[in-house]
Amino acid sequence: MASARRFIALFAACLGLAFALGPARAGEAQPVAADPALETRVMALAGELRCVVCQNETLAASQAELARDLRAQIRSQMREGRSDAEVRDFMVARYGQFVLYRPPLQASTWLLWLGPFALLALAAWGWRQQMRGSPDATNARDEEHLQR
Amino acid sequence: MSEPLQTNSKTPPANPRRIWRMALPLAVFAALVLVLGLGLRHDPRELPSPLVGRPAPAFRVPTLVGKTPQLALEDLRGQVWMLNVWASWCTACRIEHPTLMDFAGTGALPVYGLNYKDKNPEALRWLVDHGDPYQASLSDPDGRLGLEFGVYGVPETFLIDREGVVRFKHVGPLTPQVLQDEVMPLVRRLRG
């Protein structure tokens, strides 16, 4: 009986703590811009663009100064009413295809897109050849002979 | 039936199929080494600039020091010129600076500066302390012009032809080798 009461008290305390922490954390995550919808769009696009000075980070994740500048650039262009595609083209025109984390399928990127599938097909072909037993049906027979 | 099989097991037949089977993994491995080896030699920091071969972005900005208070792209039309992006906070620029001073001193090519995300007093003091190789330095305190040129790592150097088309970009400090082996041959060709 006492243990049940202790359990309820503990449960209530946890619940209380969760409620107390919840709003506090929401407060920390206030959007930077006055317009949260715009900020969501900015960060969504920035998440698809590579930071050129810290190449394994996205523009959204990077704390580099250049990344901050480019995010500001995206924000101001979107505020002027430019579409995502227009902003993306602006970045590509200045920093090249390299900034795109989702490169388009074109002559220079077909190897990137199709290469893995080609490798997979090659491996499948090799495996099939192996299983067909040309190798080593004869080998196995040889071994049988030697054992006898 | 059993006779030939036994001789086979002692001396493997020069079966072309078998040789192929043994050579294939080796060939695949060699190809992989080649591809990865090339990848190692490639510097990921040097991005091909999409600007090369395209007109330089138009600008009209104040200059830091120079004969004119403002400078525009059109003012430089008709000559082959160099644009060197620099800043007083940039340590690699200090490494590059003696090379640039020597090069500008030869008068081989007009060199203009782009003072990128810098404060004017600090930039001016830097030029006094280390020497000023530039005909003029474009002032770009907020990095807007740098963005138009796709600047991402200072120092950067561009070569712009008579029609205002970007012909060459170098990221990182210029060296006498780069100037001698890449810049000057290109300049001669652009003038020729």
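Is Leu114(A) buried, partly exposed or exposed, and what is its relative accessible area? Leu114(A) is partly exposed, with a relative accessible area of 44%; partly exposed lies between buried (under 20%) and exposed (over 50%), with a 1.4 Å probe and protein chains only. The model is predicted, with local features needing pLDDT of at least 70 and side-chain atom pairs pLDDT 80 or more, while totals for chains, interfaces and linings use all residues. Residues are numbered from 1 along each chain, chains are lettered from A in the order written, and side-chain values use heavy atoms without hydrogens or water.

Leu114(A) lies in helix α5 of chain A, residues 110-131. Helices are DSSP runs (H or I) of at least four residues and strands (E) of at least two, numbered from the N terminus. Chain A has six helices and zero strands. Of its 148 residues, 27% count as buried.

Chain B and chain A meet through 19 residues of chain B and 22 residues of chain A, where contact means heavy atoms within 4.5 Å. The two chains bury about 2100 Å² between them, 51% of it on carbon and sulfur atoms; this buried area is the accessible area (1.4 Å probe) lost on being put together, summed over both parts. Three salt bridges are found across the interface, a salt bridge being a side-chain nitrogen of Lys or Arg within 4 Å of a carboxyl oxygen of Asp or Glu. Lys117(B) and Glu65(A) form a salt bridge through their side chains, at 3.2 Å from N to O. On the side of chain B that touches chain A, the elements giving two or more residues are α1 (2-10), α2 (16-41) and α5 (144-148).
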